Structures are given as C-alpha cells and as structure tokens.
4 protein chains.
Amino acid sequence: MMIVIMQPDATVAQIGAVLRACQERDLRPVPNHGTERTVIGVIHADQRTDLSDVAALPGVDQVTPVSKALQLVSREFRDEATVVHAGGVAIGGPEFVVMAGPCSVETEEQIHACAQQVAACGGRILRGGAYKPRTSPYSFQGLGEEGLQLLTAAGRAAGLPTVTEVMHPDLVETVARYADILQIGARNVQNYALLSAVGRVRKPVLLKRGMMSTIEELLMAAEYILAGGNGQVILCERGIRTFETSVRNTLDVSAVPVIKSQSHLPVILDPSHAAGKREFVPALALASLAAGADGIMIEMHPVPEEAYSDGRQSLDFPAFAQLMDTLRPVGEALGRPVAAARTDPSLT
Amino acid sequence: MMIVIMQPDATVAQIGAVLRACQERDLRPVPNHGTERTVIGVIHADQRTDLSDVAALPGVDQVTPVSKALQLVSREFRDEATVVHAGGVAIGGPEFVVMAGPCSVETEEQIHACAQQVAACGGRILRGGAYKPRTSPYSFQGLGEEGLQLLTAAGRAAGLPTVTEVMHPDLVETVARYADILQIGARNVQNYALLSAVGRVRKPVLLKRGMMSTIEELLMAAEYILAGGNGQVILCERGIRTFETSVRNTLDVSAVPVIKSQSHLPVILDPSHAAGKREFVPALALASLAAGADGIMIEMHPVPEEAYSDGRQSLDFPAFAQLMDTLRPVGEALGRPVAAARTDPSLT
Amino acid sequence: MMIVIMQPDATVAQIGAVLRACQERDLRPVPNHGTERTVIGVIHADQRTDLSDVAALPGVDQVTPVSKALQLVSREFRDEATVVHAGGVAIGGPEFVVMAGPCSVETEEQIHACAQQVAACGGRILRGGAYKPRTSPYSFQGLGEEGLQLLTAAGRAAGLPTVTEVMHPDLVETVARYADILQIGARNVQNYALLSAVGRVRKPVLLKRGMMSTIEELLMAAEYILAGGNGQVILCERGIRTFETSVRNTLDVSAVPVIKSQSHLPVILDPSHAAGKREFVPALALASLAAGADGIMIEMHPVPEEAYSDGRQSLDFPAFAQLMDTLRPVGEALGRPVAAARTDPSLT
Amino acid sequence: MMIVIMQPDATVAQIGAVLRACQERDLRPVPNHGTERTVIGVIHADQRTDLSDVAALPGVDQVTPVSKALQLVSREFRDEATVVHAGGVAIGGPEFVVMAGPCSVETEEQIHACAQQVAACGGRILRGGAYKPRTSPYSFQGLGEEGLQLLTAAGRAAGLPTVTEVMHPDLVETVARYADILQIGARNVQNYALLSAVGRVRKPVLLKRGMMSTIEELLMAAEYILAGGNGQVILCERGIRTFETSVRNTLDVSAVPVIKSQSHLPVILDPSHAAGKREFVPALALASLAAGADGIMIEMHPVPEEAYSDGRQSLDFPAFAQLMDTLRPVGEALGRPVAAARTDPSLT
C-alpha cells in the first residue's frame with residue numbers, strides 16, 4: 001500500500017482530485033481525515049506503482065510506501081482513536097458502553113423483556129443471536145430472519161440499537177437491513193469471504209477475536225474489513241483457549257492495552273463467553289472497565305436455566321441490574337462514565 | 001437422530017421402502033451399507049418422533065435413538081473403516097497415500113513440473129492452491145479459476161487426481177467442477193455455511209483440523225458434512241497452536257490413534273504446515289506413517305526459495321524423492337505399502 | 001483426611017484434648033478456629049482409621065471423612081476468608097495491599113531508594129530478590145545472603161515488611177531469619193521438597209502459580225504447605241503461558257473469582273511479570289483491583305534501563321507514584337481502600 | 001563462556017596444561033574430546049577475561065568467545081552426537097533403546113516380574129519410581145530408599161541398568177548410590193538447586209521436559225547440568241500441555257528433529273505419560289522410533305488396574321511384548337535396531 005499525505009491546508013477539492021485520480025487507475029483510495037491533515041491510503045498500489053502524477057497534484061505533500069502488513073488499522077496510519085457510531089451510540093468515546101441481551105432470540109416476549117431490562121439498567125445496545133454458529137449440526141441454529149425482526153422490534157421499542165451475528169456472506173445484506181452492528185463471530189475471524197463481504201457494507205462491524213487468534217491476527221482480520229472500505233470496526237476480545245479449565249476461556253484482559261498501543265480501533269470485552277459461568281462475570285466485567293476497554297458485551301436472560309443456549313453463563317435480570325450498579329461508581333472513578341439507569345417508570 | 005437397523009437379510013427393495021417412508025415425512029435418511037447389515041440414520045428425527053410406522057416395515061429389525069452429539073462420524077454408527085475414493089485412488093485402504101504439490105499454483109510450468117515429480121516418485125494425488133486464505137489482505141491470493149484449470153490439466157497429464165481448497169460457499173460448484181477432492185482449510189473448520197455447502201456435493205472432502213480445534217470439534221465439523229449427505233470425508237491433522245515456537249505448529253501425532261478409536265473416517269497428516277521448516281518434514285512424515293495415518297500431504301516446489309507462499313516449508317524435488325524412498329521400507333515393515341516410484345523414463 | 005467438628009460451645013480444654021488424642025496416635029491435627037465453632041482436620045487419617053475414641057470425647061459434635069483431594073485449602077473446610085499477617089500488614093482483609101520493589105536487590109543505594117519510594121507512595125510491603133532463578137546458568141543469580149541483609153535493612157528503615165524468594169529447601173531457614181514473607185517462585189510450584197520445607201516454618205508464604213499450572217494444581221501445591229502445618233499462605237497469579245506473544249505471559253484475571261469461589265486463601269496478582277513490558281502494567285494493575293484481588297506485586301527500579309534483570313517490565317519511580325494515585329479512587333469506589341501516600345516529608 | 005580450540009595434533013599433556021591453567025585461575029574448564037580435535041569450554045570466563053597466557057600455551061590453536069546462552073549443549077560447541085553410557089547400555093548410539101517398567105515400585109514381586117519381562121522382550125533399561133512427585137500431598141508418595149533397593153535388585157537379577165527419579169537435592173547422593181541413571185522429572189525441569197546438584201555427580205541424568213517448557217528452556221536446563229561438569233545428559237520429551245483433552249498431554253514428536261538440529265545430546269520420548277491411555281501408546285511409540293528418537297520410556301505393570309499410580313496408561317505384559325515385536329521390523333527398516341527378545345527360557 002502507498003500513502004498520499006496531503007498538506008495541512010489542502011482543500012476538499014484537492015483531496016477529491018486525488019481520490020478521483022486513484023480511482024481512474026483502479027486503485028482503491030481510503031481517505032483518513034485527521035485533525036491536522038488528511039492521509040489517503042492507496043490500496044492495490046505498491047512500490048512499483050508509478051504515482052508520480054498523483055504526487056504532482058496540488059495539495060499533495062508526499063507519496064510514500066507503507067511496508068508493514070498492518071496498515072489501515074495501525075496507529076501509524078491514524079493516531080487518533082476511532083469512534084464508531086451505531087444508532088446514536090458512540091463506541092470508543094468517553095462513555096463505557098454496555099451491550100447486553102440473550103445469547104439467542106427465542107420468543108417475542110423473551111427479547112422484548114430483555115430489551116426493556118437492558119435499557120432500564122443503563123445498557124446502550126441490545127444483543128441477540130438470530131443465526132447461531134453451533135458446534136453440533138443438531139443443536140438449535142437460531143430463528144433466522146424472524147429472529148432479526150423480533151430483535152429489531154424489541155430494540156426499537158426500548159430505544160436501543162442492535163448487534164447480531166452474520167455467518168454467511170450471502171446473508172450480509174439481510175442482516176444489515178435489520179441490525180445496527182454486524183457481528184463476526186470468533187469462529188469466523190479468518191473467514192476471508194465473510195470479512196470481505198462486511199467490508200463492502202456501510203454498517204459498523206463488531207469483530208470477535210478467535211479463541212486462538214493472536215492479537216496480530218485479529219488486527220489483520222480487521223485490516224480485511226478496512227481494506228474493503230469499511231472503517232467502522234469494533235474489536236472484541238472474548239476469551240482465548242488455554243490449558244486452564246475452570247473457566248470456558250481465559251479472558252485476555254491484557255489485550256486491551258496491547259491493542260490500544262497498536263491500533264486506533266475501539267476494543268470491548270465479552271466476559272460472559274470467557275467465564276462460561278455467570279458467577280464469574282461481574283469480576284471480569286469490572287476488570288474490563290478498569291483495564292481501559294471501551295465497553296463490554298453481557299449475556300442476560302429472563303430465566304437463564306431455560307435458555308436455548310449459553311444459559312450457564314447468562315445473568316438473570318436482578319444480577320444484571322446489580323452489575324450495572326457496581327460498574328457505575330468505578331466508571332466515575334476512572335473518568336469513564338457508565339450510562340445511568342433510567343428512572344422513567346413507563347420504560348421499566 | 002434415530003437409527004433404523006435393518007435385518008441382515010433385508011432386501012434392497014425393503015431398504016428403499018424405509019428411505020422413502022422417511023423422505024415422505026421430511027426426515028433425511030442416511031443409509032450406511034455395512035458388510036453384515038444396513039443401518040439408516042434418520043436426521044431431523046428425535047425421541048419424540050413417532051417412527052412406529054417405519055419400525056413396522058418389512059426388513060426392519062429395530063428403531064433406536066442415538067443420544068450422542070457425534071453420530072454419523074462415530075464408530076458407534078459405523079464400525080468399519082470408511083474408504084474414500086478419489087479419481088481411482090483409495091484413501092483409508094491398505095495403501096499409505098502421499099498427496100504432494102506446491103502450496104500455490106503459480107504458473108503452468110511450475111504445476112506441470114510438480115505433477116510429473118509427484119507421479120514419478122510414487123505420490124498419488126496432486127495438491128495445489130488456486131484460492132489462498134492469507135492472513136494479510138495484501139498477500140498473494142491465488143490465481144483463482146485459472147489456477148484450477150492449470151492444476152487439473154497438470155494432474156491429468158501426470159495421471160494424478162487433484163485436491164485444492166475452496167473458501168467460499170459460492171465457489172463450491174466451480175471448484176467441484178475441476179478438482180477431485182475439495183479441501184476445507186484449517187481457518188474454515190467452523191465455517192458452517194461452507195461445511196453445509198460441501199455436504200451437498202458428491203465429491204470427497206478433505207477437512208483440515210483448525211489450529212485451535214479439539215479433536216471433538218473436528219469430528220463435529222465432519223458431522224456437518226455427513227449430515228448434509230456427503231459421507232466421503234478425509235480428516236487432516238496439520239499442527240495445533242501451542243506455546244512452542246521452534247516449529248510453526250505442533251503436529252499432534254496422537255490425533256491419529258485418538259480419531260481412529262472414535263471415528264471410521266480416514267485420517268491423514270500434513271507435516272509441512274506443522275513443521276514450517278523443510279528440514280523437519282521428513283522426520284514428521286515418517287512419524288505419521290508409523291502412527292497409523294492413512295496418508296500425508298507434502299508441500300513441494302521446484303525452487304522453494306522463489307515460491308509465492310510457504311517456500312520455507314516446501315521440499316525441493318530431490319528432497320521429495322528421497323523422502324519417498326525413505327518412507328517405502330518403513331511402510332513395508334508396517335504392512336502399509338507406499339506406491340513405488342515409476343520407472344517409465346517417459347514420465348520422469 | 002478426617003474432620004473432627006467440635007460443638008459450638010466446646011471449650012479450649014476440650015479442643016486441646018482432641019488435639020492431644022490425635023497426636024498420641026501419630027495423626028497430625030490441624031485446628032481451624034472459626035467464628036461459630038472449631039473444626040479440626042486430621043491428616044494421615046482416612047476412612048479406615050478408627051476414630052471412635054476421639055468421637056467420644058467431650059465437646060465433639062461429629063467425626064467425618066473429607067473425600068476431595070482439596071481439603072485444608074477449600075471453602076468446604078473453612079468458609080471464612082483467611083487473613084495473612086506479615087509484619088503488621090494484613091493481606092486478605094479490607095485493604096488492597098501493594099507490594100513493590102526491584103526484581104533483584106543490586107546495591108544498598110538501590111534497595112534503600114526503592115524502599116523509601118514504596119513507602120512514600122502507599123505501598124505496604126517491599127519485594128526484592130536475593131536468590132534469583134534464571135533460565136540460563138550464566139545470568140546474574142542474585143547477591144545471596146548479602147542481598148537478604150540489604151533488603152531487610154532497607155525495609156526496616158522504611159517501615160515495610162519484606163518478601164523474597166527462597167529456591168532451595170536448605171535455605172528456608174536462612175531466608176526465614178530475614179524476610180517477613182517467603183516467596184515460592186513460579187518454577188518451584190511443584191517442587192514438593194521445597195513446599196514441604198516452607199510448610200514447617202512459621203512465616204507467611206507467598207506461593208506463585210506456575211506459568212503452566214492449572215488453578216487446581218496451584219491449590220494442591222498450597223495444600224502441601226497447609227498440610228505441613230503452615231496456614232499462612234498467599235496465592236499469587238503471575239500470568240500463564242499461552243500462544244499469545246505480545247505480552248510475556250497472559251494475566252489470568254479470572255483466577256481471582258475462581259480461586260475465591262474455591263478457597264479461603266488470599267489472592268494477589270503480579271501484573272509486572274505477566275505484562276513483561278512496563279507500559280501495560282497500569283492497566284493490568286487496575287484490572288487486578290477491580291477483579292477483587294487482595295493485592296498486587298509490582299516491579300519498580302530507580303533506573304529500569306540499568307536493572308540487572310527484568311528492567312523492561314519495571315516501572316520507574318514517577319510511574320509507580322502515578323499508578324498508586326490511579327488505584328486509590330478506584331479502590332475507594334470498590335470499598336477496597338489503597339493506603340494513602342505518606343505526606344511526612346522526612347520520608348520522601 | 002570462552003572456548004579454547006586445541007590444534008588437531010595437540011598432546012594429552014598440552015591439553016592437561018590448559019586445564020590446569022584455567023583451574024589455577026578459578027575458571028572451570030570443560031574438555032570435549034572430538035574425533036578431530038579437543039575443544040575446551042571455559043566457564044566463568046567472558047570476553048573481558050584475559051586469556052592471553054592460555055592462548056600462548058603450546059598446542060592451542062585459538063581462544064574465542066561463545067556469545068549464545070546455549071553453549072555446552074549446542075551443536076556449535078560439539079557437533080558429534082553424544083552417546084551416554086549407563087551400565088553397559090549406550091543411549092544415542094545406533095541402537096533404539098527401550099526403557100520400561102512400572103510407574104512406582106510397589107512390591108518386590110511386582111518389580112521383579114517387571115524386570116524379567118522387560119529383559120525378556122528386548123527392553124534395555126528398567127524404570128521404576130521410588131520417590132513420587134504427586135500433585136496431592138495425600139497420594140502415595142513412593143517407597144523411598146526401600147524402593148531403590150528393590151529396583152536395583154530386580155534390575156541386577158535381570159541384567160538391566162536402572163533409572164529412577166530424584167526430587168530433592170539432599171537425596172541425589174542416595175539415589176546415585178543405587179540407580180544407573182538419575183531422572184529429573186518434568187515438574188523439576190527448572191528446579192535449579194536440583195539441576196546443579198545432579199551436575200556435580202558422575203552418573204547419567206535423564207532430564208524430562210516440563211509439560212510447558214519450550215525446547216529452548218529444556219536445553220537451558222540441560223546447560224545447568226553440563227555447566228556443573230556432568231555431560232552425560234539424556235533429554236526426554238513427555239508430552240506438553242495444550243488445549244486438547246483427549247490425551248493427557250500432546251506428545252511433541254517434532255521435538256526430536258528440532259533438538260537434534262540444535263544439540264548433540266540424545267533424545268528419548270515417553271509415549272505413556274503423553275497418551276495417558278494405554279491404547280494410544282503403541283502408535284506413539286512407533287512414531288517416536290520413526291521420528292528419529294534414540295529411545296522410548298514405557299510404563300508397564302503386571303496388573304495395570306491395580307497399579308498404585310498411572311495404571312490407566314500402563315501396558316500389561318502381553319501388550320508390552322507385542323509392542324516390542326512391532327517396533328523391531330520398523331527399527332530394522334530405519335537402520336535403527338531394537339534389541340532382540342531373549343530366547344533364553346531360563347529368564348522368561
């Protein structure tokens with residue numbers, strides 16, 4: 001990849017001219033408007049590509065190659081933190097964002113009740129699976145498009161944007177029609193056909209780290225999405241596979257400072273999938289907040305014992321309310337506010 | 001899943017009647033013709049499904065539920081070893097089958113030379129990637145359909161069936177038109193959309209274990225393919241991710257006896273991807289043969305230093321020839337013959 | 001092991017009689033004085049041991065076997081949290097205890113400066129290695145007994161108890177003469193000769209989890225010490241070995257709630273050894289506090305670049321002071337106070 | 001460390017003079033008599049040590065520093081394979097050496113029967129634990145010195161040298177009085193006090209890789225022993241801890257070619273501890289032989305179901321006899337003979 005660095009006082013018209021010049025040559029330009037100047041990544045170009053005509057355009061400061069495999073995701077390319085906006089909620093900004101909901105959308109009543117509880121307690125985004133990746137072909141595979149409809153309706157009623165998983169490139173369009181954030185699950189972190197597909201949509205993507213992906217591989221997977229033209233990516237650490245068996249996966253809390261040192265993308269943690277047991281979730285949620293994560297994703301169910309999937313790690317409603325109450329003062333102490341519980345009785 | 005066990009003397013017509021009775025009720029029957037009797041797995045049926053009408057059909061011995069998640073892949077369902085046939089080569093039979101070729105198909109000359117060398121040395125199947133899964137979006141991604149054409153032509157000229165990776169459900173049909181065996185790569189072992197897609201074709205599938213997959217998860221992934229109706233599956237262990245860094249991945253040789261104890265499917269090993277360095281490949285290839293694997297997959301290149309990908313772990317032609325010569329007497333000692341080198345000078 | 005459960009109103013004399021009765025029979029009694037009643041573990045006894053005479057003693061409620069391998073360390077044996085007292089500091093009580101100091105004691109000036117800084121910033125215990133376990137026999141192995149003398153003198157001058165590692169059973173007595181807490185390093189967590197040796201002294205032991213130990217194995221190692229008669233054990237998670245290479249070891253924060261659910265012993269974390277790089281230490285220290293740990297151990301050095309060992313992960317003095325200032329409000333929010341910085345200018 | 005390279009025609013007297021010159025200066029010389037010339041490692045010397053007087057001695061070719069941490073164990077220091085001699089058996093020579101016996105010495109009858117069976121089937125060394133490292137302090141800890149006596153007597157009666165574990169520096173002398181090879185167990189691979197202690201004796205040492213030691217760490221541990229003056233070290237890979245749970249530990253067969261490429265020391269594998277289940281042992285034993293190991297260590301018991309420890313992974317007598325018969329032709333095919341079964345009926 002080559003990078004075109006514009007002069008600090010380059011005009012919008014000059015930037016536009018560079019973008020057009022690249023497109024005319026079948027190179028894909030990715031503009032990054034920083035506070036000081038605009039930098040344009042030119043994908044499909046390498047050191048042998050003659051960009052002397054682009055370098056000669058007005059407003060261009062210099063044209064230079066980027067040698068590292070990590071490019072668009074790196075701090076080198078963009079030093080400012082990226083803030084992802086989904087349905088009015090900012091992820092990666094000052095607020096610590098709690099996403100919560102059931103593992104699977106099961107019934108209208110279930111997802112509606114969850115949405116109301118999430119909103120009432122200060123959660124900001126509703127999660128819920130409609131297409132479920134299951135290790136066994138004989139397990140419950142989700143409600144499909146009907147699940148998407150129920151999830152969206154419940155979110156809208158509670159004033160919450162939604163996040164849900166997409167597993168198949170052919171379903172990206174459908175899921176994008178309903179959800180505010182497209183989730184790529186841990187098993188698909190190196191499914192390049194799928195990464196490319198979500199790189200072409202204009203919806204935020206929540207990319208889960210594989211349970212045995214290195215941080216570098218996670219960033220490379222995000223690079224696929226950014227290289228496709230979609231810069232709205234949230235990274236999510238959800239536990240890695242280790243020899244320890246007392247939890248489902250070992251939550252790699254150190255991924256937060258490591259990723260923050262290398263990339264501008266927001267990072268959230270998923271204590272529920274890591275712990276695998278609900279009694280360990282609050283400690284890990286607090287640790288996530290303290291470690292500097294931009295948010296967490298929590299599994300919650302009206303009656304966890306009856307959940308179709310992942311009930312063992314789901315909080316019930318009172319436990320979720322209590323967790324939110326515990327997070328709030330710590331967020332305040334850290335200068336990282338957690339949204340207040342809603343007091344409007346019409347909503348609870 | 002339910003299992004319909006036919007009487008030892010059940011006729012083809014009786015078996016056909018059971019299959020039809022299941023299909024009429026939207027249950028998917030999977031017949032398994034053993035040497036003693038036929039057993040029919042009935043997918044989408046569970047203990048609550050009333051199969052009393054099927055149980056009453058002539059030739060039926062008994063109808064019984066299978067409780068375990070592992071079903072069609074298990075020794076419980078089929079005790080005899082499955083032999084997969086691909087272009088005249090039997091994998092899982094008495095012969096130890098060597099698949100070899102370059103990581104990527106690069107040019108006509110390259111793949112043609114490889115095919116001739118594989119055949120000359122006693123290799124039985126030609127491998128070569130046309131669609132390459134790459135960690136970085138900026139690495140060489142393969143020649144695509146042109147690569148498939150070159151691979152098939154080279155294989156045909158050398159009298160070798162071919163195996164190549166398919167990464168996208170939408171490409172399954174295309175790849176199946178060319179290759180004799182469809183490979184599912186390690187990164188896609190839990191890409192359920194892809195597993196289902198290859199479950200619907202009538203070509204053998206080589207399913208690679210993910211570097212992070214347990215053996216149980218590998219068998220579950222295979223179950224997706226068998227449940228889709230395709231029983232021609234070869235399992236491939238290619239190294240797992242551990243803390244050890246002197247090799248690319250740790251070849252889990254114990255996977256061979258473990259899988260053999262649980263499943264009837266053939267198992268091969270891939271010493272090249274595990275070792276990551278060509279000097280360690282021969283020792284691991286010998287260990288694979290001795291451990292009871294049904295074959296190995298070896299990366300080879302005319303000039304490894306110039307390979308587009310994986311050159312560090314590719315054998316050159318003399319090293320491959322020498323490896324084959326080393327394997328042969330050990331195979332003989334184990335009663336597991338390795339095909340002889342061709343003496344026809346027109347081919348070498 | 002058998003357990004003798006005393007009646008709630010059993011007298012000290014009655015308890016003493018039970019202890020004597022066990023000792024006379026060469027069984028080792030371990031009394032545990034709870035708030036409600038005393039429970040006595042009888043080591044070397046099993047279900048075949050006839051304890052009917054003990055059961056008949058006045059004040060005894062019942063005698064019952066404990067079947068699990070985890071016994072003295074378990075919540076089953078003692079439900080109340082154990083508080084370990086070392087030189088006036090309570091570990092496992094309400095306060096979050098910060099232990100800090102250099103990896104190795106190098107010179108009198110260095111350890112003295114460190115001790116003053118630890119004390120000035122609110123640290124409560126001084127750490128410093130005199131005997132260093134080194135992967136290579138040619139690396140710096142520590143100052144030995146001279147190091148112990150320097151450490152103790154520096155601690156005393158700053159009003160701080162000390163913790164230091166003991167590596168050899170023959171040195172336990174020497175180290176115990178100087179230090180307030182004996183540290184068993186990660187590499188020695190299954191060195192049973194050493195565990196037994198520290199089980200026989202009357203000094204608190206800080207037992208580090210091996211980078212390869214499961215939590216269950218850590219608790220078993222602690223059981224060796226408790227079974228030896230020493231109940232003053234602090235557990236320390238210091239990062240486990242995983243496939244991730246961006247940090248030295250992956251800090252297993254979930255070990256805190258897991259251990260707390262199984263054992264009554266206090267747990268601290270060591271973010272420095274886990275991170276391996278000083279820039280990641282503060283995030284992990286905050287996560288440790290939030291996850292419910294009873295304290296942390298931090299490496300600090302006047303000039304980290306010149307440290308004999310582990311300089312890359314050591315904080316300098318200003319960074320340590322800042323970390324303490326960051327921890328304090330979070331501790332307050334959690335109801336887990338961190339000691340205030342000393343304002344006495346004579347000390348800073 | 002510095003290396004003194006002697007001239008090819010240096011005399012024994014000249015070599016002796018160099019050794020004395022080093023010793024007089026408190027440097028420890030480690031002579032390595034190769035087929036072409038003698039090389040002397042000088043421990044405790046570094047680049048600042050003035051060795052110009054030594055360099056000037058007759059017969060000295062050159063004096064040069066070794067910069068790597070791996071020194072005495074490396075191929076760089078000694079290119080020829082080291083052959084370890086124990087009670088008349090050569091490990092690391094042309095023969096593939098099978099060590100076998102029970103996990104623990106239990107009774108005179110048991111160890112005697114095992115010794116006879118090992119010898120009868122072509123095994124060359126008798127193993128048996130007298131001091132057992134056990135995760136739980138309440139498990140069987142071995143018979144101690146009585147176990148050593150029984151082991152040695154049984155070995156002598158069957159004409160087999162013996163190998164047994166030593167866990168405590170203080171017991172090294174005792175164990176060395178009985179056994180022909182001192183085993184350092186996997187849990188003690190970084191117990192530097194113990195490594196140094198066995199470095200001072202003149203008995204071969206079998207050093208087991210820790211279940212989470214890298215190969216580099218294993219070589220470093222061996223370096224401790226060699227630096228102590230004992231060059232008779234056999235390395236043993238016994239399975240590493242991974243995420244896979246179908247076996248006890250994952251046998252890292254690739255450790256064989258990796259170690260052989262870096263070190264001159266002999267390497268054996270322990271399929272029994274790795275597999276954890278006896279049915280997987282033969283496949284792994286064959287793989288060990290084929291991968292180029294110098295031998296294997298096999299657990300065997302007259303009645304595995306009644307073994308005090310590790311019964312699940314122990315072969316019974318007929319299974320061991322069959323394994324040896326399976327190994328023999330493969331060894332022959334590889335040019336790596338396995339000793340013949342004894343036909344002398346007086347012994348079987």
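Tyr192(D) is buried in this predicted model. Its relative accessible area is 5%. Tyr224(D) also counts as buried, at 7% relative accessibility. Both values fall under the 20% cut-off that defines a buried residue. The rings of Tyr192(D) and Tyr224(D) form a stacked aromatic pair. Their centres are 4.5 Å apart, and the planes make an angle of 20 degrees. That angle is under 30 degrees, so the pair counts as stacked. Tyr192(D) belongs to helix α6 of chain D, and Tyr224(D) to helix α7 of chain D. The pair therefore ties together parts that are 32 residues apart in sequence.

Chain A holds a pair at these positions too. Over all chains, the count comes to four aromatic pairs. One of them joins Tyr192(A) and Tyr224(A). This pair is stacked, with 4.5 Å from centre to centre and 20 degrees between the planes. Tyr192(A) lies in helix α6 of chain A, which covers residues 192-199. Tyr224(A) lies in helix α7 of chain A, which covers residues 215-227. Tyr192(A) is buried, with a relative accessible area of 5%. Tyr224(A) is buried as well, with a value of 7%.

The interface of chain D and chain C was examined next. In this contact, 32 residues of chain D meet 32 residues of chain C. The area buried between the two chains is about 2,700 Å². Carbon and sulfur atoms give 58% of that area. Two salt bridges are found across the interface. A salt bridge links the side chains of Arg241(C) and Glu217(D), with an N to O distance of 2.5 Å. Eight residue pairs are in polar contact between chain D and chain C, both residues being at pLDDT 80 or more. Helices α6 (192-199) and α7 (215-227) of chain D each supply at least two residues of the side that touches chain C. The largest share of that side comes from α7(D), with five residues. By class, the side of chain D that touches chain C has 16 nonpolar, ten polar and six charged residues.

Asn188(D) is found in the loop between β10 (181-184) and α6 of chain D. At 3% relative accessibility, this residue counts as buried. Asn188(D) and Leu207(D) are 19 residues apart in sequence. In space, their C-alpha atoms are 9.1 Å apart.

The interface of chain B and chain A was described in the same terms. The contact takes 32 residues from chain B and 32 residues from chain A. The two chains bury about 2,700 Å² between them, and 57% of this area is on carbon and sulfur atoms. In chain B, the residues that lose the most area to chain A are Tyr138(B), Met212(B) and Arg241(B). Together they account for 26% of what that side buries. Two salt bridges are counted between chain B and chain A. Arg241(B), one of the residues that lose the most area, meets Glu217(A) in a salt bridge. The N to O distance between these side chains is 2.5 Å. Eight residue pairs, both residues at pLDDT 80 or more, are in polar contact across the interface of chain B and chain A. On the side of chain B that touches chain A, α6 (192-199) and α7 (215-227) of chain B each supply at least two residues. Helix α7(B) gives the most to this side, with five residues. By class, the side of chain B that touches chain A has 16 nonpolar, ten polar and six charged residues.

A further buried site lies in chain A. Ser272(A) is found in helix α9 of chain A, which covers residues 271-275. Its relative accessibility is 0%, so Ser272(A) counts as buried. Leaving out residues up to four places away in sequence, Ser272(A) touches Val281(A), Met297(A), Ile298(A), Glu299(A) and Gln313(A).

How values were computed
Residues numbered from 1 in each chain as written. Chains lettered and ligands numbered in written order. Predicted model: local features only at pLDDT ≥ 70, side-chain atom pairs only at ≥ 80, totals over all residues. Heavy atoms only, no water. Contact = heavy atoms within 4.5 Å. Buried area = accessible area lost by both parts, 1.4 Å probe. Salt bridge = Lys/Arg side-chain N within 4 Å of Asp/Glu carboxyl O. Polar contact = N/O pair within 3.5 Å; in protein donor to acceptor, adjacent residues only side chain to side chain. Helix = DSSP H or I, 4+ residues; strand = E, 2+ residues; numbered from the N terminus. Nonpolar A, V, L, I, M, F, W, Y, C, P; charged D, E, K, R; others polar. Phe/Tyr/Trp six-rings, centres within 6.5 Å; stacked < 30°, edge-to-face > 60°. Buried < 20%, exposed > 50% of the residue type's maximum accessible area, 1.4 Å probe, protein only.
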